[in-house]
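Got your viewer open and a selection tool at hand? Let's take a walk through the model, one stop at a time.

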Amino acid sequence: MELIDRALEFEQRKMRSLSTSDRVKLSREAKALVLDLNEVYKVEKDEEIMDIMKRITAIKRKIEKRLKGRP
């Protein structure tokens, strides 16, 4: 599937020395991927899709943690 391929490619990207705007773009892309994968998961109930969603969500959390900064 093209969607799963995009998700796997997203996981393989280098996440070093990103600007703030790059982090925002990556966070939005991750959110869109997870929502799209969720729609597929609802139909197929494939555990591999769930694992991909979990990994992308973990990446998204790391990006957003960096965006929000430390209190």
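The tour below goes from helix to helix and ends at a pocket.

A word before we start: this is a predicted model, where local features need pLDDT of at least 70 and side-chain atom pairs count only at pLDDT 80 or more, while totals for chains, interfaces and linings use all residues. Residues are numbered from 1 along each chain as its sequence is written, and side-chain values use heavy atoms, with hydrogens and water left out.

**Stop 1: helix α1**

Select residues 2-12, which make up α1. Helices here are DSSP runs (H or I, at least four residues), numbered from the N terminus. Now colour L3, I4, A7, F10 and E11, which are buried (under 20% relative accessible area with a 1.4 Å probe, protein chains only; exposed is over 50%, and partly exposed is in between). Look down the axis of α1: these buried residues line one face of the helix, because they fall within an arc of 120 degrees, taken from the directions from the helix axis to the C-beta atoms. On the other side, find E2 and Q12, both exposed. Among what covers the buried residues of α1 are α2 and α3.

**Stop 2: helix α2**

Next, pick residues 20-44. How far apart are the end C-alpha atoms of α2? They are 36 Å apart, which agrees with the 36 Å that its 25 residues should span at 1.5 Å a residue (the expected span is 1.5 Å times one less than the number of residues). The buried residues of α2 include L26, A30, L33 and L37, and its buried residues pack against α1 and α3 (47-68).

**Stop 3: I52**

Move on to α3 and click I52. Buried or exposed? I52 counts as buried, because its relative accessibility is 1%. Leaving aside residues up to four places away in sequence, I52 touches I4, A7, L8 and L37 (contact means heavy atoms within 4.5 Å). I52 and L37 are 15 residues apart in sequence, and their C-alpha atoms are 8.5 Å apart in space.

**Stop 4: the largest pocket**

Finally, select R23, K62, I63, K65 and R66: of the twelve residues lining the largest pocket, these lie nearest its centre. α3 gives the largest share of the lining, five residues. Here a pocket is an open set of points on a 1 Å grid over the protein atoms alone, with protein on both sides within 12 Å along at least five of seven lines, and lining residues have an atom within 4 Å of a point.

Definitions and conventions: Helix = DSSP H or I, 4+ residues; strand = E, 2+ residues; numbered from the N terminus. 1 Å grid on protein atoms, 1.4 Å probe; cavity = no way out; pocket = protein on both sides within 12 Å on 5 of 7 lines; lining within 4 Å.
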